[in-house]
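Visitor: Please take me through the features of this model one at a time, giving the general idea before each case.

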Amino acid sequence: MSFQIEKIHHVAYRCKDAKETVEWYQKHLNMDFILAFAEDHVPSTKAFDPYMHVFLNAGSGNVLAFFEVPNQPEMGFDPNTPNWVQHLALKVKDRNELLIAKEHLEQGGIDVIGVTNHGIFHSIYFFDPNGHRLELTYDDPTSEDKVSMITDAIKQDMLDEWSRTKRAPAHTQFLHSEELAEAREIAPVGE
């Protein structure tokens with residue numbers, strides 16, 4: 001291939017109310033409101049569809065954006081996709097920062113799940129006012145060693161096995177061994 005992706009420029013989601021969304025991300029995640037623009041016509045399609053497009057600083061050159069499109073039907077979500085699947089993960093420095101964020105969110109009346117141990121990172125989960133699931137996470141101090149155990153051959157073998165069987169290959173179960181120990185005792189795989 002003759003080109004290479006440099007980085008994600010921005011990630012965009014739909015929102016119910018642009019002002020409420022900006023204020024929520026400022027208050028609860030300390031993100032700066034960095035840009036807004038609006039048009040009556042969509043530049044790419046030229047269709048008439050008035051919108052407000054807002055951009056927030058997600059740190060280190062990462063940008064999170066939202067569109068409010070009031071002339072479209074009320075936003076919804078794929079009813080066949082579990083609400084834990086589609087989410088945006090944002091990184092914090094360490095466990096202390098994660099716990100501070102969790103306390104801040106809970107004091108703001110936001111329900112938070114976790115801290116969840118993923119072996120190579122630890123996370124909390126919650127929803128924004130638009131129903132988008134968010135994850136705050138930090139890398140486990142042992143993550144580099146654990147990730148290095150997952151070789152290219154192992155990744156490909158896992159992908160091939162999944163494609164054939166649609167069952168979770170066991171290659172990386174060590175990552176969630178602590179977090180899922182009780183669940184695996186209660187309902188072992190295959191039961």
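**Reading the model, feature by feature**

Visitor: Is Met1 buried or exposed?

Guide: The idea is to ask what share of a residue's accessible area is left uncovered: buried means under 20% relative accessible area, exposed means over 50%, and partly exposed lies in between, with a 1.4 Å probe and protein chains only. Met1 has 90% relative accessibility and therefore counts as exposed. Please keep in mind that this is a predicted model, in which local features need pLDDT of at least 70 and side-chain atom pairs count only at pLDDT 80 or more, while totals for chains, interfaces and linings use all residues. Residues are numbered from 1 along each chain as its sequence is written, and side-chain values use heavy atoms, with hydrogens and water left out.

Visitor: Which residues make the nonpolar surface patch?

Guide: A nonpolar patch joins side chains of Val, Leu, Ile, Met, Phe, Trp or Tyr within 5 Å, taken from residues with over 30% relative accessible area and no salt bridge; the areas come from the Shrake-Rupley method with a 1.4 Å probe. Here Met1, Phe3 and Ile5 make a patch of about 450 Å², and Met1 itself lies in the segment before strand 1 (11-14).

Visitor: How many helices and strands does the protein have?

Guide: Both are DSSP runs numbered from the N terminus, helices being H or I with at least four residues and strands being E with at least two. In this protein the secondary structure comes to five helices and eight strands, and along the sequence these follow the pattern β-α-β-β-β-β-α-β-β-β-α-α-α. The C-alpha trace spans about 55 × 45 × 35 Å along its principal axes, and 30% of the 191 residues count as buried.

Visitor: How many salt bridges does a search of the whole structure find?

Guide: A salt bridge is a side-chain nitrogen of Lys or Arg within 4 Å of a carboxyl oxygen of Asp or Glu, and the search finds four. One of them joins the side chains of Lys91 and Asp139, at 3.1 Å from N to O. Because Lys91 belongs to strand 5 (residues 87-91) and Asp139 to strand 8, this pair ties together parts that are 48 residues apart in sequence. Lys91 is exposed at a relative accessible area of 60%, whereas Asp139 is partly exposed at 40%.

Visitor: Which helix holds both Lys102 and Glu106?

Guide: Lys102 and Glu106 are both in helix 2 (residues 95-107), four residues apart, which is about one turn of the helix, and their side chains meet in a salt bridge of 3.6 Å, N to O. Lys102 is buried, its relative accessible area being 19%, while Glu106 is partly exposed at 39%.

Visitor: How far apart are the closest N and O atoms in the salt bridge of Asp152 with Lys155?

Guide: The closest N and O atoms of Asp152 and Lys155 are 2.9 Å apart, and the two residues lie three apart in helix 4 (residues 152-165), again about one turn of the helix. Asp152 is exposed at 61% relative accessible area, and Lys155 is partly exposed at 46%.

Visitor: Which residues line the largest cavity?

Guide: A cavity is a set of points on a 1 Å grid over the protein atoms alone where a 1.4 Å probe fits but cannot get out, and its lining residues have an atom within 4 Å of a point; its volume is the space filled by probe spheres set on those points, which are joined across faces, edges and corners. The count is one cavity of 30 Å³ or more, and the largest holds about 40 Å³ of space. The lining of the largest cavity consists of Tyr13, Tyr25, Leu64, Phe66, Leu88, Asp128, His132, Arg133 and Leu134, with strand 4 (63-68) and strand 8 (133-139) each supplying at least two of its residues. By class there are six nonpolar, one polar and two charged residues, where Ala, Val, Leu, Ile, Met, Phe, Trp, Tyr, Cys and Pro count as nonpolar, Asp, Glu, Lys and Arg as charged, and the others, Gly among them, as polar.

Visitor: Where does Ser60 lie, and what is its phi?

Guide: Ser60 lies in the loop between strand 3 (48-57) and strand 4, and its phi is positive, about 55°, although Ser60 is not a glycine. Ser60 is exposed at 76% relative accessibility. Lys166, found in the loop between helix 4 and helix 5 (181-186), also has a positive phi, near 55°, and is exposed at 53%.

Key. On a 1 Å grid over the protein atoms alone, a cavity is a set of points where a 1.4 Å probe fits but cannot get out, and a pocket is an open set with protein on both sides within 12 Å along at least five of seven lines; lining residues have an atom within 4 Å of a point. Patches are made of residues with over 30% relative accessible area and no salt bridge: like charges are joined within 9 Å, nonpolar side chains (Val, Leu, Ile, Met, Phe, Trp, Tyr) within 5 Å.
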